[in-house]
Amino acid sequence: MTRRGSVGLLAVVAATGFALDQGTKEWALAALEPGQPRELIGTLVQLRLTFNPGAAFSIGTNATWVLTIIACVVIAFTIYSARKLRSRVWALGLGLLIGGALGNLTDRFFREPGFGKGHVVDFLELPNWPIFNVADICVVTAACLIALLSIRGIGLDGTKVTEDAPAHSRQVSDDE
């Protein structure tokens with residue numbers, strides 16, 4: 001895949017993830033009452049509006065500014081890394097990461113209690129699991145995909161080192 005094509009795919013995935021996240025959060029704010037659960041799929045999936053000042057599992061509730069800075073750094077580094085991108089799968093993973101990070105970062109910037117300290121809107125609840133949102137789904141999916149690609153040894157350019165080929169010809173494309 002060309003660099004232009006993979007960067008285009010990354011942009012489309014990021015924009016889609018961001019739009020879905022922000023759209024579902026606006027819906028949740030309009031349709032749900034804080035702390036009042038609503039069954040979606042019985043008790044397996046419920047909707048429960050909450051406002052999270054921390055990260056996953058409400059870790060870092062007193063460090064909202066730190067989380068905001070980390071999200072900005074992750075987005076900037078991911079965009080910088082995209083210059084090497086030539087893989088559809090990496091484009092998907094990095095697009096999900098950017099879309100999810102931007103979704104929660106938007107909450108940090110523009111929601112109460114104020115700029116850089118805003119609480120993230122969460123509304124999806126599974127049994128024995130913290131309440132989350134679409135941005136969280138994007139980030140976790142991206143992390144799993146990036147870990148899998150890294151374990152498999154596939155680089156941003158879509159090449160993979162194979163052990164049975166001579167060192168000078170070990171690369172094969174993940175898009176083949």
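**Salt bridges, sheet, aromatic cluster and helix crossing**

A salt bridge joins the side chains of Glu 125 and Arg 48, with an N to O distance of 2.8 Å. Distant parts of the chain are linked by this pair, since Glu 125 lies in strand S3 and Arg 48 in strand S2, 77 residues apart. The model in which this contact is found is a predicted one. The two partners fall into separate classes of accessibility. Glu 125 has a relative accessible area of 17% and is therefore buried, the limit for this class being under 20%. Arg 48, with a relative accessible area of 22%, is partly exposed.

The strands that carry this pair belong to an open sheet of three strands, arranged in the order S1-S2-S3 with antiparallel pairing. Strand S1 (38-41) and strand S3 (120-125) stand at the edges; each has a single partner strand, so one side of each is left without a neighbour in the sheet. On average, neighbouring strands of this sheet are turned by 35 degrees against each other, direction ignored. Strand S2 (residues 45-52) is joined to S3 by five bridges, and the two strands run antiparallel. Within this pairing, Asn 52 is placed opposite Val 120 of S3. In general, the strands of a sheet pair through backbone hydrogen bonds, in either a parallel or an antiparallel manner.

In total, five salt bridges are present in the structure. One of them is formed by the side chains of Asp 107 and Lys 25, at 2.8 Å from N to O. Asp 107 and Lys 25 are both buried. For Asp 107 the relative accessibility is 0%, and this residue therefore counts as buried. Asp 107 also forms a salt bridge with Arg 111, in which the closest N and O atoms are 3.0 Å apart. Arg 111 has a relative accessibility of 17% and so counts as buried. These contacts form part of a network of salt bridges in which Asp 21, Lys 25, Glu 26, Asp 107 and Arg 111 are linked.

Aromatic contacts were examined next. The count comes to two aromatic pairs. The ring centres of Phe 109 and Phe 115 are 4.8 Å apart and the ring planes lie at 25 degrees, so this pair is stacked, the class for planes under 30 degrees apart. Phe 109, Phe 110 and Phe 115 are linked into a cluster by ring pairs.

The axes of H3 and helix H4 (residues 134-151) come within 8 Å and cross at roughly 150 degrees. Because angles over 145 degrees count as roughly antiparallel, this description applies to H3 and H4. The crossing in which H3 passes H4 is left-handed.

Methods:
Residues numbered from 1 in each chain as written. Predicted model: local features only at pLDDT ≥ 70, side-chain atom pairs only at ≥ 80, totals over all residues. Heavy atoms only, no water. Pairing = 2+ DSSP bridges. Helix = DSSP H or I, 4+ residues; strand = E, 2+ residues; numbered from the N terminus. Axes fitted to C-alpha atoms, helices over the stretch in contact; angles between N-to-C directions. Phe/Tyr/Trp six-rings, centres within 6.5 Å; stacked < 30°, edge-to-face > 60°. Salt bridge = Lys/Arg side-chain N within 4 Å of Asp/Glu carboxyl O. Buried < 20%, exposed > 50% of the residue type's maximum accessible area, 1.4 Å probe, protein only. Parallel < 35°, antiparallel > 145°, perpendicular 65-115°, else oblique. Left-handed = near helix turned anticlockwise from the far one by under 90°.
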